[in-house]
Amino acid sequence: MDAPVVIITVCMGSSCFSRGNNVNTETIERFLREHAVSGKVELRGCLCGGRCREGPIVEIDGEVFRGVTPGVLPDILSHKLLPRLL
Ligand code: FES
């Protein structure tokens with residue numbers, strides 16, 4: 001298997017977690033499976049980075065996405081993750 005080429009970091013601090021990242025993690029894992037790219041992406045959790053008011057926070061290769069509710073996450077993954085894997 002090739003080494004992961006993209007790193008997704010999900011804030012697991014209590015604010016981000018309770019406002020969406022608890023669900024977002026599962027959504028990301030499902031999205032990766034459905035698009036057969038699990039082996040190309042490393043999914044990490046991180047502690048609170050002090051941006052709670054802007055959360056839930058998800059980063060894709062260091063690009064910060066704010067207010068990542070489960071409703072907007074699939075769009076972000078489609079437009080910001082998949083192109084990085086081509
Ligand atoms: S809990 Fe995510 S930035 Fe604070």
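I started with L77: leaving aside neighbours within four places in sequence, L77 is in contact with I28, F31 and L82. Contact here means that the two C-beta atoms, placed from the backbone, lie within 7 Å.

I noted the ground rules next. This is a predicted model, where local features need pLDDT of at least 70 and side-chain atom pairs count only at pLDDT 80 or more, while totals for chains, interfaces and linings use all residues. Residues are numbered from 1 along each chain as its sequence is written.

Then I looked up the core. The largest nonpolar core has 13 residues, and I8, I57, V58 and L77 touch the most other members. β1 (6-11), α1 (14-34) and α2 (73-85) each supply at least two residues of this core. Such a core is a set of buried Ala, Val, Leu, Ile, Met, Phe, Trp, Tyr and Cys residues joined through C-beta atoms within 7 Å. Helices (H or I, at least four residues) and strands (E, at least two) are DSSP runs, numbered from the N terminus.

Is V10 buried or exposed? V10 is buried, because 21 other C-beta atoms lie within 10 Å; the cut-offs are 20 or more for buried, 12 or fewer for exposed, and partly exposed in between, with C-beta atoms placed from the backbone. V10 lies in strand β1 and, not counting residues up to four places away in sequence, touches N21, N24, T25, G45 and V58.

Last, I checked the backbone. A36, in the loop between α1 and β2, has a positive phi of about 55° although it is not a glycine. I also found a cis peptide bond from G55 to P56, with omega near 0°.
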